[in-house]
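Please read this short report with the sequence and the structure side by side, and look up each residue as it is named.

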Amino acid sequence: MKIDKVEIKAFGKFKDRIIVFKDGINVVYGENESGKTTLQSFIKSMLYGIKGSNKTRLNSNQNMKRYKPWMDAGFLGAMEYSLDNGDQFRVERNFESNSTRVYDSFFNDITNTFEIDKNKNILFAKRHIGLNEYCFDKTIFVGQTGSFIDETGKSELKSMLINLSQTGFEDMSFIKAEKALKEAIKKYVGTDKSSIRPLDRINLRISELESLQNKLHKKREDLNNTEQDLRNAYNYYEKLIGAQHALDAAKLRLKSRMELQRSKLKENQLKELLDKIKELKKEQISIEDKLRELDDDCIMYPKLMEISSYELEEILKDYKLFLDLKEEITNLNEKRDIKKAEIIEAEDSLQQLSSFKFLGNKIDEEMLELNNKVDNIRKQINNISNEINDGNKVKNDYDKVAGKINLGGYNAGIIICLTLTALFSAGFLINRALLVGTPVFATMSLILYKIKRDKARINLNEQEAYERTSTSILKKHEEILEDEQKEIEDKIDSILVTVKAGSTEEFFRLNALYKSRVSLYNDLINDINVLEGKSVSSEKSLMILRNNILEKLFVLGIIDGQDADSDIKEAHIDIIRKSLNKRIAIKTNLDYMLGRKTDISKEIAACENKVEEIAELHKIASDEDLYRALNVLSQEIKIAEEALNSGKNKFHDSQINIQAEGINIIENSGNNEEQLEKLIQQNSFDVQDTLLKIKELETVLKNSVNDDELQKVSEELSELENKKLELEDLGFCLKTALETLIEASMEIHKDFAPALNERTSYYLSKMTAHRYGKLKLDESLSVRLITPETGGVESAELLSMGTGEQIYLALRIAASELMMSSGETLPLMLDEVFSFYDNQRTINTIKLLKELASNRQIIFFTCKVNELELVNEIFEDRINVIHL
């Protein structure tokens, strides 16, 4: 089977997309979220539908929502595929309406030729490729990190491999046969856990009949005892009725007695309340008399007693603050006077140095500058004197200014001419013609000597003239500097005379003294200003405080209007101080009496309210109302006592009757209402229980057992025992058949397991470069292999993630090959299977894919460029690349 083309009309992110697949390997390349997973889901949905089978339906609603296009562009597509025999087919699906159409190579509609499952899925894929959706997903379709096969997948694969290896057909299932036998056992016989199957119902009915049979026998034996119990119950019922009448009489007497006790309690309470009210009113009068005595002490200054002690304490605090401010002002004035005296002394000392005041603040800098100028002029005059006395200096200056005539050239010329004269004279001995040069060079020597002598004389004269002129200029400059020095020294002397200083050093000392005394003077002025500011502020606060205190004294009546503008007198403050001390002395007694007066009023009101409540009065207007209520209550008590005594004999008669019936009730027990209520309630319960027991006994006697019912139970029990034996024989046969089938399945597994182990080991050896070459699968398709490090058998689950992925990929390929051995050659679809592979094992696996691609179609999904390049390199550019 090979997928030729898919036409995606609208599915997920794809719309109107056609993808063509070829033989060999097809590489679907795209980045993340480019649609690789969507394309895989489309191919599987075209084969099996998006809703899937029962085992894959858990995610159907999720897939519908996930891949349904957002825009209203339908939800459909088509796929073309071909089988190994050359037959070509086209399938079209509308996922929205769950409709499917299948066409042959001539576009004949052959949809109705295929079976339809109970979920209305067309089973064309199961007929053509021989796999259900679950096996397809667990073998030829390998998703990302999805090489592992879970327990359900292992069971499905094992079932299909057994069926194919034994019968050649996937539909002829040993699993189905096993399931049918188990269902037959469960339906016709039942199991240890079932409760509603035929054998279970028979066992349950037998148990019920046996229990009923035993009950019928027991009822017959208990019939005589029941009749005696009924007679005893009637007798006991009559006794209980008699006791009920006696208890009702005791309850009435108890009620009267309790009413009398409550009335006496009210009488005692009223007497106590009246006595208490009388005592409270007496104490109230005494406290009012004492308070009037205290008020007499406040007649002289009545307003003084109207304010609180706190306000009096505030006046005293203000007065203390007033005195503190006065003392502070006095201290400030004393400090100010001291500072003023210090200022006078500072002014006297400054008067002695007053000349500095007229010279300016920078006279010291000016004086220092004048001294520096004098020192510089002196240095210049000394330099000029040294130059005049030093002749070489003048000569050097002349050389620099006029430049010295260089006579060295004339000397050299004379020497050369004399040398040539000697040479030409000596050459005469060799050649007479050379004698002509002797007079010429001798003459030239004389001329040069004369010129040199004249030049030296001129140079000497000019030098002497320059020396005379230079000396005259220097002396003139010296005179100018001496005049300037004298002028500056006169100015310095004038300043020294002004400040009466004998020297420059004394001038600077006096100037520093002047500056320090000026600074001291200024500091004293500032201190006086600060002190005067504080004094003025304190005087203002003092005046405000004084006015406040005088105003309060005037309000309290301690001073009159004439004293309101005078100063505060200590005598006025003594009045407040004495009043406060007196108030403190009597505060405890006064507070107690005032508080007690209030408490007494509250207690009297509470007692009157209690009297109103006890005597059931609306309002107490006077003491006569209290005594009138007490008299009424006494009359009620007298009447209740007479009524209670009149019913005493009747109660004793009832008590005698009760004792005659065997119920022990005495008069003292009637004093406890709770105990009496319990007796009444218990007697009522006993009456009800006795009536119920009588009814039950009558019903039992009415429905007493007969021989016909017992006979029917025995016959039905015998019939059920026979049916039970038949079902047990049937169950034994079915279980024997099931055990035989399971043993046959295990034998078949032993036949196909070697082939599966061999192919899986071969592919794993290819992937791992022969590191793992011997692999075995147990009955549940769990993988075990020999590790090269230890040489022992290990489970595949203990190896690394990458090795585990490679093992189960090899198992999937081998399982798909075994399933293809009797059917279609199936394509192999791989999605990002190299996520946990190293580079070398990736190359080995791609080489294995190249080997597989020679006889089956491979569709390889990847998002990595290096994997695409490796496949292209190993397959030597013979690949079909599909870019998403």
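Predicted model: local features only at pLDDT ≥ 70, side-chain atom pairs only at ≥ 80, totals over all residues.

Is Lys-373 buried, partly exposed or exposed? Lys-373 counts as partly exposed, because its relative accessibility is 38%, a value that falls between the limit of 20% for buried residues and that of 50% for exposed ones.

**Salt bridges within helices**

Lys-373 takes part in a salt bridge with Glu-369, in which the closest N and O atoms are 4.0 Å apart. Both residues belong to helix α10, which covers residues 363-389, and they are four residues apart, about one turn of the helix. Glu-369, for its part, is partly exposed at 45% relative accessibility.

A second pair can be followed in helix α7 (residues 198-296), where Glu-208 and Arg-205 are three residues apart and thus separated by about one helical turn. These two residues form a salt bridge whose closest N and O atoms are 3.3 Å apart. Glu-208 is partly exposed, with a relative accessible area of 39%, and Arg-205 is also partly exposed, with a relative accessible area of 32%.

Which residue forms a salt bridge with Arg-90? The partner is Glu-7, and the closest N and O atoms of this pair are 2.9 Å apart. Because Arg-90 lies in strand β5 (residues 88-94) and Glu-7 in strand β1, this pair ties together parts that are 83 residues apart in sequence. Strand β1 itself covers residues 2-11. The side chains of Glu-7 and Arg-90 are also joined by a polar contact of 2.9 Å. Both Arg-90 and Glu-7 are buried; for Glu-7 the relative accessible area is 11%, so this residue falls in the buried class, for which the value must be under 20%.

| Salt bridge | Closest N and O atoms |
|---|---|
| Arg-90 and Glu-7 | 2.9 Å |
| Glu-208 and Arg-205 | 3.3 Å |
| Glu-369 and Lys-373 | 4.0 Å |

Returning to helix α10, Glu-369 and Lys-373 both lie there, four residues apart. Elsewhere, salt bridges that share partners join Lys-5, Glu-7, Glu-80, Arg-90 and Glu-92 into one network.

**Charge on the surface and a pair of C-alpha atoms**

Which residues gather in a patch of negative charge on the surface? They are Glu-479, Glu-482, Asp-483, Glu-484 and Glu-487. Of these, Glu-487 lies in helix α13, which covers residues 437-498, and Glu-487 counts as exposed because its relative accessibility is 58%.

Glu-758, found in helix α19 (residues 707-767), likewise counts as exposed, at 55% relative accessibility. The C-alpha atom of Glu-758 is separated by 8.6 Å from that of Ala-814, although the two residues are 56 residues apart along the chain.

**Positive phi angles in a loop**

Most residues other than glycine have a negative phi. Against this background, Ala-769 can be noted for a positive phi of about 55°, although it is not a glycine, and this residue is found in the loop between α19 and β8 (775-777). His-770, in the loop between α19 and β8, has a positive phi near 70°. His-770 counts as exposed, because its relative accessibility is 63%.

Key:
Residues numbered from 1 in each chain as written. Heavy atoms only, no water. Patch = residues over 30% accessible without salt bridge, like charges linked within 9 Å, V, L, I, M, F, W, Y side chains within 5 Å. Areas by Shrake-Rupley, 256 points an atom, 1.4 Å probe, with all protein chains shown as cover. Salt bridge = Lys/Arg side-chain N within 4 Å of Asp/Glu carboxyl O. Lys, Arg positive; Asp, Glu negative; His and termini not counted. Charge placed at Lys NZ, Arg CZ, Asp CG, Glu CD. Helix = DSSP H or I, 4+ residues; strand = E, 2+ residues; numbered from the N terminus. Buried < 20%, exposed > 50% of the residue type's maximum accessible area, 1.4 Å probe, protein only. Polar contact = N/O pair within 3.5 Å; in protein donor to acceptor, adjacent residues only side chain to side chain.
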